[in-house]
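Here's a quick briefing to read with the structure open beside you. It starts with the overall fold and then moves to one of the sheets.

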Amino acid sequence: QVQLVESGGGLVQAGGSLRLSCAVSGSTYGYWRFIWARQAPGNQREVVATLTMRDGSTYYTDSVKGRATISKDNAKNLVYLQMNGLTLEDTAVYYCGVRRTSISSTSWGPGTQVTVSS
């Protein structure tokens, strides 16, 4: 059973940067995709970035393109989300997720709060 725990959230001023980390316990060998998603109060959870393990391809939602980078450190079993140029609209709980296959459900961590202040 894979478990995920996010860290690195906090309070940051607009224009600043954060690096979120996702500690992965358990083997994810052969897993399909890692996901970072976020959920702001009153909103649905939205996928921010994905990393497909087979070919290393990445996806970013339009609102973070050019400002976010998803990556994985295999030696440390960590998945990162680097966010730059943070805006008030980036305030949300950020979740790390993983899917075993393209048709399996997503396993999520408990989330980490990111608050951007003006």
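**The fold at a glance**

Going along the sequence, the protein chain runs β-β-β-β-β-β-β-β-β-β-β. The radius of gyration of the protein chain is 14 Å, close to the 13 Å that the globule rule gives for 118 residues, so the chain is as compact as a globular protein of that length. Keep in mind that this is a predicted model.

**Overall make-up**

- If you're counting elements, the protein chain has 11 strands and zero helices.
- The C-alpha trace of the protein chain spans about 40 × 25 × 25 Å along its principal axes.

- Of the 118 residues in the protein chain, 40% are buried, where buried means under 20% relative accessible area.
- The protein chain exposes about 6,400 Å², and 48% of that comes from carbon and sulfur atoms.
- Take the contacts in the protein chain between residues at least 6 apart in sequence: 52% of them join residues at least 24 apart.

**A four-stranded sheet**

- Four strands make up an open sheet, in the order S1-S3-S8-S7, with antiparallel pairing.
- At the edges sit strand S1 (3-7) and strand S7 (68-73), each pairing on one side only.
- From one strand to the next, the twist averages 20°.

**Zooming in on S1 and S3**

- S1 pairs with strand S3 (residues 18-25) in the antiparallel sense, over five bridges.

Key. Residues numbered from 1 in each chain as written. Predicted model: local features only at pLDDT ≥ 70, side-chain atom pairs only at ≥ 80, totals over all residues. Heavy atoms only, no water. Pairing = 2+ DSSP bridges. Helix = DSSP H or I, 4+ residues; strand = E, 2+ residues; numbered from the N terminus. Axes fitted to C-alpha atoms, helices over the stretch in contact; angles between N-to-C directions. Rg over C-alpha atoms; globule rule 2.2 N^0.38 Å. Buried < 20%, exposed > 50% of the residue type's maximum accessible area, 1.4 Å probe, protein only. Contact = heavy atoms within 4.5 Å. Areas by Shrake-Rupley, 256 points an atom, 1.4 Å probe, with all protein chains shown as cover.
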